[in-house]
Amino acid sequence: MYVSPIREPLVRGGKTYSQITKDILAPMAGRPSVYWYIGISLSVAALLFGAWAIYMTVYVGIGTWGLNKTIGWAWDITNFVWWVGIGHAGTFISAILLLFRQRWRTSINRSAEAMTLIAIMCAGFFPLIHMGRILLGFFIFPYPNTRSLWVNFNSPLLWDVFAITTYFLVSLIFWYVGLIPDIATVRDKAKSKIRKAIYKFLSFGWTGSVRQWTRHETVSLILAGLAAPLVLSVHTIVSFDFATSVIPGWHTTIFPPYFVSGAVFSGFAMVLTLLIVARKALNLEEYITKIHIESMTKVIILTGSIVGIAYITEFFIAWYSGVEYEQYAFLNRAFGPYAWAYWIMMTCNVITPQLFWIKKIRTNMLVVFIISIFVNIGMWFERFVIIVTSLHRDYLPSSWAMYKPTITEVGLYVGTFGLFFTLFLLFIRAFPVVAIAEIKTVLKASTDKPMQQDHE
Amino acid sequence: MEKKYVRSIEELQLDEPRLDQPAGDRQFILGMEKEVKKMSSTTRRDFLKTFGFTIASAAIASSCEQPVRKAIPFLIQPEEVMPGSASYYASTFYDGVDYCSILVKVRDGRPIKIEGNTLSSITKGGTNSRTQAAILGLYDNERLKFPMENGSETTWEQIDEKILDELEQIKAKNGTIAILTPTIISPSTKAVLNTFEEAYPNTKIVAYDAISSAGILQANKAGFGKAFIPSYRFDKARIIVSFDADFLGSWLSPIEYTKQYVKGRDLTQGQRKMSRHIHFEGNMSLTGSNADHRVQVKPSQQKLVVASLLNSLRLASGQATITAPASPIETSLLALELLEHKGAALVVSGSNDPEEQMMVNAINELLDSFGNTIITEKHLKVRQADDQALKQLIHDMEANKIDALLVYDVNPAYDYYNSKAFVNALTKVKLTIAMTVTDDETTALCTYVCPDHHFLEAWNDFEVYTGHYSMAQPAIRPIFNTRAAHDSLLRWAGIEKDYRSFMKDYWQEHLFTASLADLSFTDFWNKRVHDGVFDTRKTENGLTHFDPTASIEALSQLKAPASNGLDLLLYTNVSVGSGKHANNPWLQELPDPVSKVCWDNYVAISPRLAKELDLKDEQLVRINGSDPLPILIQPGQEYKTLGVALGYGRERAGKPANGVGRNMFGFQQNGGDTLLAFVEDVKLEKADGTLAIARTQSHHSMEGRSIVRETTLEEYLTDPQSGNEIRKEIQEHLKTLYPKIEYDGLHWGMAIDLNACTGCNACVVSCSVENNVPVVGKEQVIMAREMHWIRIDRYYTDDMDNPELVRQPVMCQHCDNAPCENVCPVAATTHSNEGLNQMAYNRCIGTRYCANNCPYKVRRFNYFDHTGADAFKGNRYDPVEMTTDLRRMVLNPDVTVRAKGVIEKCSFCVQRIQDKKLLAKKQNRPLRDGEVIPACAQACPADAIVFGNLNDKNSKVSKYYADARNYHLLEELHTLPSVGYLTKVKNKTV
């Protein structure tokens with residue numbers, strides 16, 4: 001790879017290969033820090049809150065939520081789409097950027113993929129819990145049965161089931177395949193017997209032979225090829241939940257590209273949120289450098305702008321179509337009772353990311369962190385606006401209603417945060433957060449000091 | 001161990017270690033052998049044993065939670081009872097306020113539904129919400145279950161002994177016994193009371209009506225020399241002027257009047273004429289909201305308008321006018337219009353002021369209404385009580401002149417305007433006996449409680465109009481240890497006969513003679529019991545001459561109201577009515593046809609006044625220092641009139657009713673001779689706090705969408721499609737690439753004539769009864785989670801101070817291209833080959849996607865376990881006790897009781913369709929048009945709903961579909977609904 005002298009290096013601090021291994025394995029070694037304990041305690045607490053909310057929902061009923069005869073989905077599907085969106089960055093980074101040979105992805109792909117997997121788990125939880133009869137949720141699968149019951153392949157909800165499951169499985173395999181050489185490294189460095197045994201098992205007998213490496217590379221490439229269209233398909237299919245319906249504000253052909261770019265947008269924002277903290281907390285600032293952060297902010301500018309254009313296009317089409325219901329739906333979004341949600345969405349998603357055009361802003365970690373939070377909030381509100389404001393005033397004004405969330409719904413949402421952070425914190429302790437093997441491949445080409453040949 | 005057979009020689013050889021092999025190999029082979037043995041130690045049989053045991057024990061373990069439900073079949077099959085098929089018994093609903101001739105549907109010994117009796121020439125098969133809901137009164141949790149003395153259980157023998165003893169003592173000392181009853185329209189009951197009177201000569205029978213019509217009675221006494229209520233013929237009137245008479249909702253005989261009113265306005269058979277309805281009122285009532293022209297008038301000034309109309313009419317008919325205070329509304333044009341239709345005009349007033357009624361009589365006289373639109377020879381027998389009678393009785397009670405008080409079927413401790421006086425006076429009476437069906441405020445104060453049968457458990461008869469009789473027969477054996485009040489009275493009068501024999505004898509003696517067609521009395525009796533109605537065609541004589549003297553006197557003595565302050569108008573709504581059935585959750589959850597509020601009464605206030613006083617919805621206020629009531633801004637409310645419904649604020653009615661709303665009966669004014677339902681010059685003051693009001697519709701504008709389409713008669717006559725022009729345009733745009741679905745057999749469809757629908761809500765209750773629709777309670781209605789399968793949308797048009805109002809019943813539209821069907825992931829909602837949109841509750845997993853995607857928002861989700869059908873125990877959400885064992889007896893066994901977490905919706909009463917299809921099949925004939933009637937259509941007193949086969953071009957529904965007025969709701973979405981609406985036509989001068 002040609003290294004431009006003006007291009008900033010991807011690994012700083014003049015690292016050697018052994019240093020890289022040491023640095024990246026450092027967070028896994030020894031006892032966890034106090035912060036880790038605080039973090040895991042908070043996360044588990046949130047998880048328990050979620051468990052209570054699950055109990056209320058399953059035992060008492062969906063009535064513990066704020067839904068009504070008009071608004072059948074609200075926080076549940078908002079959270080679902082939001083988490084799915086977040087789950088887009090990981091695979092996008094690993095698969096699409098791999099295919100496009102973006103080397104900067106190497107230091108962030110591992111954690112982004114882990115984040116993806118956890119986010120998909122969080123996402124998948126909502127369609128499950130939103131079922132009125134969750135115990136019969138297995139009806140959703142086309143399993144052979146004596147009653148000749150079959151699922152309805154016309155339903156976008158069913159497409160979701162397949163899309164999400166496929167995406168999760170492919171992402172999981174992709175992530176794990178990428179982990180194998182690193183697990184082997186952990187195995188080699190492990191001191192305790194048990195630890196060694198576990199990682200030995202997990203590493204599938206990786207020795208680092210050339211044959212293994214070639215196969216590994218091939219599998220990675222194939223999986224990347226498989227995963228890349230999935231990145232596009234998952235959110236396209238999620239958007240079909242709305243696009244194929246008849247509800248004004250949902251029934252929109254622009255949804256698939258709009259949802260996909262929104263997903264990448266929110267996914268990158270979440271990666272930023274996490275990594276800005278993680279690189280500091282785990283001393284990985286030399287691996288996840290400003291250049292990485294900057295690259296990600298650029299993706300955010302692009303996708304954020306697409307999302308912004310989509311918002312405006314929706315308005316244009318509402319006017320251009322001449323459909324009075326559609327026109328009302330969009331005016332109602334902007335000026336109706338939920339206008340505040342709409343303007344939060346517009347501000348957070350359209351205006352704030354544009355600040356990244358300014359280099360000073362996109363290189364200031366604190367500001368990037370704040371803006372990434374804004375984008376997370378904005379994208380949550382985007383789904384809320386699409387779902388709730390479209391439903392609450394549709395065709396017949398007699399049925400118009402308002403929606404207010406309840407503590408149970410908050411509990412479920414907080415619960416998924418609990419799950420997310422619990423699993424992420426466990427991931428930090430269990431696996432290298434940066435792909436050691438992969439980052440070593442860019443070291444030669446993109447470092448700020450000449451390499452020293454000191455293998456240990 | 002079973003015998004082992006060898007499969008091959010090699011296998012056999014394994015048993016013999018081959019010694020020629022090296023030791024290591026031998027070891028290996030031996031090891032293998034062991035392995036093989038070990039493997040085979042679990043044989044197929046063992047596996048099956050274990051498997052069977054595991055499955056059986058798992059099944060037992062998991063099934064021990066299941067409750068054992070015993071269903072014991074009849075050892076000897078009762079005659080004429082077919083398990084699983086319903087029997088219908090003719091009966092009559094009369095509660096002292098409403099009258100309706102009914103059929104009671106009995107399934108396996110349980111009455112589960114009330115339908116209108118089509119043989120009745122009065123109600124003609126129509127019902128109203130209260131009649132529909134009355135079935136639940138049979139299973140009221142608060143029913144009195146056994147005789148009681150001082151609140152503790154006793155037996156009939158003991159209680160009879162004690163009561164007889166006391167009655168004898170009173171008789172001995174020549175004391176007075178009073179029997180307090182509602183207006184009795186039953187001739188046999190009257191005879192029973194007479195018998196009692198004969199046994200105890202010093203007996204006073206006092207009739208008392210919670211909702212009084214004494215004003216009409218007195219006016220007719222003055223004008224015709226007899227206190228009576230005539231028969232009004234709204235169908236014969238070309239022009240109807242009503243002064244606050246809510247004749248479609250609560251005035252006198254609303255079911256009958258609705259039938260008549262709608263008949264006079266029907267346009268479905270090419271009629272070119274319809275009646276014109278002008279309505280004066282202060283509140284926005286059901287009737288007023290249906291009027292062609294509605295005029296707001298303060299209740300205290302209504303009399304002035306009536307007087308002015310009388311004067312204008314006199315002027316126009318060349319008579320001298322009489323000086324009267326100025327009317328706030330100009331009436332000369334109205335007078336001319338009325339005179340144009342002389343002989344076909346009808347003016348009615350809902351006021352209980354005799355003077356106003358006298359003037360109305362004079363108006364009707366000038367319009368030639370008597371004999372044409374008002375039949376004075378036929379008397380309506382309900383609400384005959386004199387308002388002063390109870391006052392006098394209380395007076396006597398206080399003066400210790402009454403020794404015994406028998407309370408039969410009335411509740412003055414709740415609904416008398418001066419209930420305190422009654423309660424106080426009651427303590428002075430030594431012997432108090434209550435003969436009521438449910439526990440209530442008055443019953444609680446009586447020493448002896450002799451529970452009466454519910455009307456569905458008892459024999460009775462009624463003479464609702466002169467010569468028009470109807471019957472009530474038991475549809476079930478008494479559920480509790482009750483006894484008909486008649487039997488009690490007969491017993492105490494020393495007569496051994498039971499009421500049935502007594503009644504039969506009465507009919508033989510008095511009514512058999514009127515029937516010429518029947519040969520024997522048994523034939524006669526059986527036929528009347530079967531039909532439920534009997535018309536002797538008897539008329540009252542000598543009541544044709546009207547003497548206007550009193551009316552003119554009333555007019556000349558008319559004074560303008562003293563102040564121009566706020567008026568408080570009390571009204572009865574179509575749900576709880578007088579409050580007698582307030583303990584009925586169906587009625588409590590029934591949204592008011594105008595305000596769409598349920599579970600409360602409230603102060604209706606005009607938007608203008610609310611703005612002036614800075615009052616918002618739900619703000620608590622006090623009227624003349626009353627208990628706080630919430631404000632509800634009611635478009636169309638007269639500027640200075642406050643309206644509050646009666647019938648709320650029960651204290652001892654049961655969980656659904658207690659503490660719901662405020663009791664307003666105390667506000668009725670004793671205006672001289674009659675009780676007036678309005679109070680002049682009330683003070684309205686803000687109280688602290690707010691009270692959340694439950695309403696099923698919170699947005700009141702159509703937002704310019706063509707949802708309810710209407711036109712005027714004039715435009716309709718020039719172009720039948722007027723108001724519906726957009727349909728053509730929509731149909732031209734409906735294009736599809738997909739082949740049109742053809743239904744080769746039946747294709748069910750429904751048509752609703754918006755011009756007929758008055759919005760009375762009978763369909764809503766009927767649907768809930770038929771389809772086991774859960775009641776969710778106030779909190780859940782506030783959350784917008786009511787479960788009604790059919791709702792009546794109501795929109796205001798024009799300005800909020802004087803809006804017009806349109807209504808539209810909306811249920812599942814059974815779209816042939818249903819948006820709900822294709823989104824269900826598990827195919828729980830599918831389309832039948834007869835065009836029905838079906839729900840398989842068993843299959844539903846509750847994603848609510850269908851509800852979201854329904855443009856009509858008719859799908860309802862079971863947010864909680866409202867029915868007890870959930871798999872989990874202890875999570876039932878039943879705030880109004882609808883799932884007690886007693887209440888559950890009303891459930892329709894033909895309709896699944898839905899569990900928590902499933903979607904439900906209108907099925908077009910598929911159980912009724914199947915039932916009639918089976919019947920037709922058994923009789924080997926095609927289904928007839930109109931044979932299948934869904935619950936909503938059957939209940940409708942206006943016959944606004946038509947159901948049938950769209951493939952049959954001669955069916956009524958097909959004819960409606962072919963009408964130029966027909967349109968489909970949101971047709972532009974290409975959902976292809978199977979419900980059509982006929983545009984509303986208003987007869988207004990443009």
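Which residues of H8(B) are buried?

1. The helix in question belongs to a predicted model, and its buried residues are B:Ala214, B:Gly215, B:Ile216, B:Leu217, B:Gln218, B:Ala219, B:Asn220, B:Ala222, B:Gly223 and B:Phe224. Helix H8 of chain B, which spans residues 214–224, is therefore mostly covered, with ten of its eleven residues counted as buried because each of those has 20 or more other C-beta atoms within 10 Å of its own. The partners of these buried residues, within chain B, are strand S8 (229–232), helix H13 (354–366), strand S13 (374–380), helix H14 (387–398), helix H20 (549–556) and strand S27 (674–676). Just after H8(B) comes B:Gly225, whose phi is positive, at about 85°.

2. On confidence, the model scores ipTM 0.93 and pTM 0.90. For chain B the average pLDDT is 90, and 94% of the residues score at least 70.

3. The contact between the chains draws 42 residues from chain A and 47 residues from chain B. On the side of chain B that touches chain A, helix H27 (819–823), helix H28 (849–853) and strand S37 (860–861) each supply at least two residues, and H28(B) gives the most, with four residues. Sorted by class, the residues on this side of chain B are 24 nonpolar, twelve polar and eleven charged.

4. The largest nonpolar core has 422 residues, and the members that touch the most others are A:Val271 and B:Val603. Helix H9 of chain A (residues 255–281) gives the most to this core, with 15 residues. When neighbours within four places in sequence are left aside, A:Val271 is in contact with A:Ala89, A:Ile108, A:Ala112, A:Met115 and A:Met296. Another core, of five residues, lies apart from the largest one and includes B:Leu267, B:Leu713, B:Tyr716 and B:Val985.

5. Within chain A, helix H2 (residues 34–60) packs with helix H15 (residues 407–430) at an angle of about 140°, and their axes are 6 Å apart. The crossing of H2(A) and H15(A) is left-handed, and the contact of these two helices has 17 nonpolar and ten polar residues but no charged ones.

6. Not counting residues up to four places away in sequence, B:Thr183 touches B:Gly96, B:Ala207, B:Asp209, B:Val382, B:Arg383, B:Gln384 and B:Ala385. Between B:Thr183 and B:Val206, which are 23 residues apart in sequence, the C-alpha to C-alpha distance is 8.9 Å.

7. B:Val957, by contrast, lies in helix H31 of chain B (residues 956–962), and B:Val957 is buried because 25 other C-beta atoms lie within 10 Å. Residues up to four places away in sequence aside, B:Val957 touches B:Gly749, B:Met750, B:Ala751, B:Val946, B:Phe947, B:Gly948 and B:Leu950. The C-alpha atoms of B:Val957 and B:Asn372 are separated by 34 Å, and these two residues are 585 residues apart along the chain.

Methods: Residues are numbered from 1 along each chain as its sequence is written. Chains are lettered from A and ligands numbered from 1 in the order in which they are written. This is a predicted model: local features need pLDDT of at least 70, side-chain atom pairs count only at pLDDT 80 or more; totals for chains, interfaces and linings use all residues. pLDDT is the predictor's confidence in each residue, from 0 to 100. Axes are lines fitted to C-alpha atoms, for helices over the stretch in contact, and angles run from 0 to 180 degrees between N-to-C directions. A crossing is left-handed if the near helix is turned anticlockwise from the far one by less than a right angle, and right-handed if clockwise. Ala, Val, Leu, Ile, Met, Phe, Trp, Tyr, Cys and Pro count as nonpolar, Asp, Glu, Lys and Arg as charged, and the others, Gly among them, as polar. A nonpolar core is a set of buried Ala, Val, Leu, Ile, Met, Phe, Trp, Tyr and Cys residues joined through C-beta atoms within 7 Å. A residue is buried if 20 or more other C-beta atoms lie within 10 Å of its own, exposed if 12 or fewer, and partly exposed in between; C-beta atoms are placed from the backbone. Two residues are in contact if their C-beta atoms, placed from the backbone, lie within 7 Å.
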